[in-house]
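Student: I have a structure to go through and some questions about it. Can we take them one at a time?

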Amino acid sequence: MSRIGKLPISIPAGVTVSQSNDGIVTVKGPKGELSQKVDSSIIVKIADGQIVFEVDENNAVNYKQKQAFHGLYRSLINNMVVGVSEGYKKVLELVGVGYRVSNQGNIIEFSLGYTHPIFIQLPNEVKVETKSERNQNPVIILESCDKALLGLICAKIRSFRKPEPYKGKGILFQGEVIRRKSGKSASAK
């Protein structure tokens, strides 16, 4: 049995969890509303302020797949509960000479050393804030209740200038350490 799937999820105050007949679990809270379809091989029980996941032994899906689904859906629903109650926040930092960022609502404009600026339109579920202070790297702060959507947007933004190991330039998560390499001059000795 899945070790993660066995753990119950406690429902915090202000969060409501409901399940429809076709297997869709909906979580509502102060930060928003999310829903997730759960496979028919997993039984979701909502009672006493907890959500419990059990494997349906009578389902035709093979045993290994059921175990994988057990932990997967428990993690997805837990991320939804945490997202609508507390929310998720990611901070990206632009490291490089002349790299700039600004936003107008949910449209972000990047100046990353290319011949043209890059624009990206964010969905309404994601809140964005940009900071550019003197003698500090520009910072992008992204907040959302949907962890998967937030990770997808961060990956898309990072793909504009991936961190490189020689000069350490690029778009990185705040606090991330890039493993540096020495260039050609170090190997010539």
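Student: Is Phe 69 buried or exposed?

Tutor: This is a predicted model, and the answer is computed from it. Buried means under 20% relative accessible area. Phe 69 has a relative accessibility of 17%, so Phe 69 counts as buried.

Student: Which residue forms an aromatic pair with Phe 69, and what kind of pair is it?

Tutor: The structure holds two aromatic pairs. In one of them, Phe 69 and Tyr 73 lie 5.6 Å centre to centre, with 50° between the planes. Planes under 30 degrees apart count as stacked and over 60 as edge-to-face. The partner is Tyr 73, and the pair is tilted.

Student: Where in the chain are Phe 69 and Tyr 73?

Tutor: The two residues are four apart, which means a separation of about one helical turn. Tyr 73 is buried, with a relative accessible area of 10%. Phe 69 and Tyr 73 both belong to residues 63-85, helix α2.

Student: Which strands of the open sheet stand at the edges?

Tutor: The sheet has three strands in the order β2-β3-β4, with antiparallel pairing. Each edge strand has a single partner, so one side of each is left without a neighbour in the sheet. The edge strands are β2 (16-19) and β4 (32-37).

Student: How many bridges join β2 to β3?

Tutor: β2 and β3 (residues 24-29) run antiparallel. Val 17 stands opposite Val 27 in β3. The number of bridges joining β2 to β3 is four.

Student: What angle does the direction of α2 make with that of β4?

Tutor: Helix α2 packs on the sheet and touches β3 and β4. Angles here run from 0 to 180 degrees between N-to-C directions. For α2 and β4 the value is about 170°.

Student: Which residue forms a salt bridge with Lys 45?

Tutor: Side chains of opposite charge can pair when their charged atoms come close. In this case the closest N and O atoms are 3.1 Å apart.

Student: How many residues apart are Glu 176 and Arg 158?

Tutor: These two form a salt bridge, with the closest N and O atoms 2.7 Å apart. Glu 176 is in the loop between β13 (170-173) and α4 (184-187), while Arg 158 is in helix α3 (residues 147-158). The pair links distant parts of the chain, and the separation is 18 residues.

Student: Over which ring does the charged end of Lys 90 sit?

Tutor: The charged end of Lys 90 is 5.4 Å from the ring centre. A charge counts as over a ring only within 6 Å of that centre and within 35 degrees of the ring normal. The ring is that of Phe 173.

Notes. Residues are numbered from 1 along each chain as its sequence is written. This is a predicted model: local features need pLDDT of at least 70, side-chain atom pairs count only at pLDDT 80 or more; totals for chains, interfaces and linings use all residues. Side-chain values use heavy atoms; hydrogens and water are left out. Rings of Phe, Tyr and Trp (its six-membered ring) pair if their centres lie within 6.5 Å; planes under 30 degrees apart count as stacked, over 60 as edge-to-face and the rest as tilted. Buried means under 20% relative accessible area, exposed over 50%, partly exposed in between (1.4 Å probe, protein chains only). Two strands pair if DSSP finds at least two bridges between them. Contact means heavy atoms within 4.5 Å. A salt bridge is a side-chain nitrogen of Lys or Arg within 4 Å of a carboxyl oxygen of Asp or Glu.
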